[in-house]
Amino acid sequence: MDDFNKSTSLPQYSDMIYEAIEALNEKNGSNKSSISRYIESNYAGLPPGHSSLLSHHLTRMRESGELIFLKNNYFRPGPDAPPKRGRGRPPKPKGPLPPGASSPTRSRGRPPKSKDPLELAMAEASGAPPKKVQRTAAPPVIGPDGVVKRGRGRPPKVKPDFASLGFN
């Protein structure tokens, strides 16, 4: 319980890292070991996993653009430094819309077909080929000799009757 109270009095790791970099004030930036030594000398009661926590926070701060990493050294970015760009291709710049025009809201993909009966009649009259109708299974044809004639194509798969097999 006592260790928990000690660790809550510590500032955030990012604040300790910023303080270490500014206090060390090295021309070529501060490396991880010098930052760690500074934090260990100035703050008592660090958690047992201090080195892995420091590595994690340095990596997170580097990826978010809060720190610059160059030749194994960490720097604070200058006030005029451009913000770090995210991963991937940047979006295309959008041009200004003319006054009074709203932004186009189009859904993705193919537009749905019209359900208007007038349009359907117009499409039939325009000479468009008729749409294929889905066929259902035709009833069996019985020939003159009383034999069931098979239709064209592969016959449908026969599903077993589980009641006759003894599964109830």
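A: Start with the residues that meet: on the H2 side they are Tyr13, Ser14, Ile17 and Tyr18, and on the H4 side His50, Leu53, Leu54, His57, Leu58, Arg60 and Met61. Keep in mind that this is a predicted model.

Now the geometry. The axes of H2 and H4 come within 10 Å and cross at roughly 80 degrees. That angle falls between 65 and 115 degrees, so the two helices count as roughly perpendicular to each other.

Leaving aside residues up to four places away in sequence, Leu54 touches Tyr13, Ile17, Lys32, Ile35, Ser36 and Ile39. Tyr13 and Ile17 are H2 residues that take part in the meeting with H4, while Ile35, Ser36 and Ile39 are among the buried residues of H3.

The buried residues of H3 are Ser34, Ile35, Ser36, Tyr38 and Ile39, and their cover includes H2, H4 and E2. Ser36 sits in helix H3. Its relative accessibility is 13%, under the 20% cut-off, so Ser36 counts as buried.

Next, the nonpolar core. The largest one has 16 residues, and those with the most contacts inside it are Ile17, Ile35, Ile39, Leu54, Leu58 and Leu67. The elements that give two or more residues to this core are H2 (13–24), H3 and H4 (50–64). H2 provides the largest share, 6 residues.

Asn25 lies in the loop between H2 and H3, and its phi is near 50 degrees, a positive value in a residue other than glycine. At 64% relative accessibility, Asn25 counts as exposed. Asn72 has a positive phi too, near 65 degrees, and is found in the loop between strands E1 (68–70) and E2 (73–75). Asn72 counts as exposed at 56% relative accessibility.

Zooming out, the protein chain has 6 helices and 4 strands, and along the sequence they run α-α-α-α-β-β-α-β-β-α. Of its 168 residues, 15% count as buried. Looking at contacts between residues at least 6 apart in sequence, 43% join residues at least 24 apart. The chain exposes about 15500 Å², with carbon and sulfur atoms supplying 56% of that area.

Finally, how far does the predictor trust all this? The chain averages a pLDDT of 78, and 79% of the residues score at least 70. Confidence is highest in H3 (residues 32–42), at a mean of 91, and lowest in H1 (residues 2–8), at 47. Over residues 1–7 the pLDDT is below 50, and beyond near neighbours in sequence this stretch has 1 contact in the model.

Terms used. Residues are numbered from 1 along each chain as its sequence is written. This is a predicted model: local features need pLDDT of at least 70, side-chain atom pairs count only at pLDDT 80 or more; totals for chains, interfaces and linings use all residues. Side-chain values use heavy atoms; hydrogens and water are left out. pLDDT is the predictor's confidence in each residue, from 0 to 100. Contact means heavy atoms within 4.5 Å. Buried means under 20% relative accessible area, exposed over 50%, partly exposed in between (1.4 Å probe, protein chains only). Accessible areas come from the Shrake-Rupley method with a 1.4 Å probe; for residues, only the protein chains shown count as cover. A nonpolar core is a set of buried Ala, Val, Leu, Ile, Met, Phe, Trp, Tyr and Cys residues joined through side-chain atoms within 4.5 Å. Axes are lines fitted to C-alpha atoms, for helices over the stretch in contact, and angles run from 0 to 180 degrees between N-to-C directions. Angles under 35 degrees count as roughly parallel, over 145 as roughly antiparallel, 65 to 115 as roughly perpendicular and the rest as oblique.
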